[in-house]
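Here's a quick briefing for anyone opening this model for the first time. Have a look at the sequence and the structure, then read on.

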Amino acid sequence: LPVAGAIVYLNGHEHEDTTIVNGLFMMNEVEPGTYSLTVEHPNYQDSTLTNVVVTVGGTKDKVIMLSGCGFIAGDA
């Protein structure tokens, strides 16, 4: 299921965005190259996607899977 409110970072760069209700995000003005993306959300484990190739004038559709944290705040 799509996750809203996840923060997506372009590792090593100042680019970041937050996913919307359908799980989508967008980063503008990214130079062509190969990057890794990290996704963070308080209810899930962080996830990193490597080898994301950005081309001139191109767009990329990537699916990044998030796993649950495995605990609920307040558990003892």
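Does V30 count as buried or exposed? V30 counts as buried, because its relative accessibility is 18% and the cut-off for buried is under 20%. Keep in mind that this is a predicted model.

- Four strands make up an open sheet, and their order across it is β2-β1-β3-β4.
- The pairing in this sheet is antiparallel.
- At the edges sit β2 (16-18) and β4 (47-54), each of which pairs on one side only.
- On average, neighbouring strands of the sheet are turned by 25° against each other, ignoring direction.
- As background, the strands of a sheet pair through backbone hydrogen bonds, in either a parallel or an antiparallel way.

**How the strands pair up**

- Strand β1 covers residues 7-10 and pairs with β2 in the antiparallel sense, over three bridges.
- If you want to see one of the bridge pairs, look at I7, whose partner in β2 is T18.
- β1 and β2 also form a hairpin, with five residues between them.
- In the turn of that hairpin, G12 has a positive phi of about 85°.
- β1 is joined to β3 as well, this time by four bridges, and the two run antiparallel.
- Y9 has T38 as its bridge partner in β3, while L10 has L37.
- β3 and β4 pair over six bridges, again in the antiparallel sense.
- These two strands, β3 and β4, form a hairpin with six residues between them.

**Two faces of β1**

- In a regular strand, side chains alternate between the two faces of the sheet.
- For β1, the covered face holds V8 and L10, and the uncovered face holds I7 and Y9.

**The nonpolar core**

- The largest nonpolar core has 11 residues, among them V8, L10, V30, L37 and V39.
- Also on the list are V3, A6, M27, Y35, V52 and V54.
- Which elements give two or more residues to this core? They are β1, β3 (33-40) and β4.
- β3 supplies the largest share, three residues.
- V39, one of the core residues, is in contact with A6, I7, V8, D46, S47, I64 and L66, leaving aside neighbours within four places in sequence.

**The loop between β2 and β3**

- This loop is where you'll find T19, M26 and V30.
- V30 touches L10, H15, Y35 and V54, not counting residues up to four places away in sequence.
- V30 and L10 are 20 residues apart in sequence, and their C-alpha atoms are 9.1 Å apart in space.
- T19 counts as buried, because its relative accessibility is 8%.
- The side chain of T19 reaches the backbone oxygen of V3 at 2.7 Å.
- Residues touched by T19 include V3, A4, G5, A6 and V8, not counting those up to four places away in sequence.
- Also touched by T19 are L24 and F25.
- What about M26, buried or exposed? M26 is exposed, because its relative accessible area is 59% and the cut-off for exposed is over 50%.
- M26 and E16 are 10 residues apart along the chain, and 8.5 Å separates their C-alpha atoms.

**A polar contact to look up**

- S36 is found in strand β3.
- Which residue's side chain does the side chain of S36 join in a polar contact of 2.8 Å? That partner is N11.
- Residues up to four places away in sequence aside, S36 touches Y9, L10, N11, T48, L49 and T50.

Technical notes:
Residues numbered from 1 in each chain as written. Predicted model: local features only at pLDDT ≥ 70, side-chain atom pairs only at ≥ 80, totals over all residues. Heavy atoms only, no water. Pairing = 2+ DSSP bridges. Axes fitted to C-alpha atoms, helices over the stretch in contact; angles between N-to-C directions. Core = buried A, V, L, I, M, F, W, Y, C linked by side-chain atoms within 4.5 Å. Buried < 20%, exposed > 50% of the residue type's maximum accessible area, 1.4 Å probe, protein only. Contact = heavy atoms within 4.5 Å. Polar contact = N/O pair within 3.5 Å; in protein donor to acceptor, adjacent residues only side chain to side chain.
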